[in-house]
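Me: I have not looked at this structure before. Could you take me through it?

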Amino acid sequence: MQNVIIPLNAFGRDEVLESGQLFYIEHIAKAGAYGVEVRRELLPENEKVQQLTQIKKEIARFGLFTVYSAPIELWKEDHQLNIEMLTTVFEEALTLRAGWLKVSLGHFQKDQSNLIDLFNFLKQQTEIQLLVENDQTLYGGNIQNLKTFFESALAIKVPVKMTFDAGNWYYANQSVEEALTELAPFVHYLHLKQVEKNQKGLVTVPLQKGQSHSWKRVFNTFPAELTKALEFPIQPIEKTKDYVRFIEQLESEVLV
């Protein structure tokens with residue numbers, strides 16, 4: 001199936017900053033992935049537009065789907081829409097010709113955050129689907145905050161959907177099982193990772209086989225055709241193909 005996306009932070013922050021995100025596009029395409037997730041935090045501050053334009057051309061050369069991940073908070077600390085940064089990252093996503101733009105929830109509060117502002121903004125942004133991801137903060141990764149946001153958005157038909165990050169719940173001290181129960185209807189995009197605890201704390205590790213792993217429970221909850229990103233350390237880069245095939249094999253088993 002053609003629905004596996006490779007985020008560019010999978011290859012290590014220092015390595016990607018040194019080589020540039022452009023370097024990895026061909027490798028991802030040849031690994032058989034459906035798409036690539038470009039990371040705003042890994043772009044040089046003074047060369048964003050230039051690099052996004054170059055990355056766009058390379059992605060188009062291989063016909064990959066594009067997600068733009070921008071680690072901004074949708075709602076500011078005063079609970080108002082982060083319109084300035086949202087405008088900026090949408091412009092960047094348009095430069096990249098991304099199909100989806102992924103951000104974090106931020107400080108949403110139902111009684112103080114005006115969803116009509118977001119509705120009106122998104123009416124002008126019909127080319128790109130906005131996704132909100134559970135991040136690692138105690139507010140943006142809070143199950144009830146996210147549920148309230150998505151339910152409220154759905155009620156007035158705000159065109160926003162969810163990225164479900166399988167590992168971030170641990171960093172936000174939330175229950176993965178509860179998150180699946182409460183948020184599954186809103187999920188459009190899945191970030192797969194395995195999070196384990198060692199002496200230094202929580203750490204993200206590559207996917208491992210076995211039904212007992214938490215990522216596998218998340219995987220089995222959603223339809224096989226759901227688009228999935230493999231957001232965990234991939235070293236060396238040649239192993240990308242192995243992980244893509246691994247996910248495709250699991251999907252085919254579900255469909256049999």
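This is a predicted model: local features need pLDDT of at least 70, side-chain atom pairs count only at pLDDT 80 or more; totals for chains, interfaces and linings use all residues.

Me: Which residues have the most contacts inside the largest nonpolar core?

Reply: They are Y68, L74, L101, L118, F149 and F164, in a core of 76 residues. In soluble globular proteins, nonpolar side chains tend to be buried together.

Me: Take L74, then. What does L74 touch?

Reply: Leaving aside residues up to four places away in sequence, L74 touches Q80, L81, N82, L86, V103, S104, L105, G106, L118, L130, V132 and F149. A second, separate core has seven residues, among them I5, F65, L131 and Y189.

Me: On to the backbone. Is the peptide bond from Q235 to P236 cis or trans?

Reply: That bond is cis, and its omega is near -10°. P236 belongs to the loop between β10 (227-230) and α10 (240-255). Most peptide bonds are trans.

Me: What is phi of K157 near, and where is K157 found?

Reply: Phi of K157 is near 65°, which is positive although the residue is not glycine. K157 sits in the loop between α6 (143-155) and β6 (160-165). Most residues other than glycine have a negative phi.

Me: Why is K157 classed as exposed?

Reply: K157 is exposed because its relative accessible area is 69%, and the cut-off for exposed is over 50%.

Me: And N173: what is its phi near?

Reply: Phi of N173 is near 60°, again a positive value in a residue other than glycine. N173 lies in the loop between α7 (168-171) and α8 (176-183). N173 is exposed, with a relative accessible area of 68%.

Definitions and conventions:
Residues are numbered from 1 along each chain as its sequence is written. Side-chain values use heavy atoms; hydrogens and water are left out. A nonpolar core is a set of buried Ala, Val, Leu, Ile, Met, Phe, Trp, Tyr and Cys residues joined through side-chain atoms within 4.5 Å. Buried means under 20% relative accessible area, exposed over 50%, partly exposed in between (1.4 Å probe, protein chains only). Contact means heavy atoms within 4.5 Å. Helices (H or I, at least four residues) and strands (E, at least two) are DSSP runs, numbered from the N terminus.
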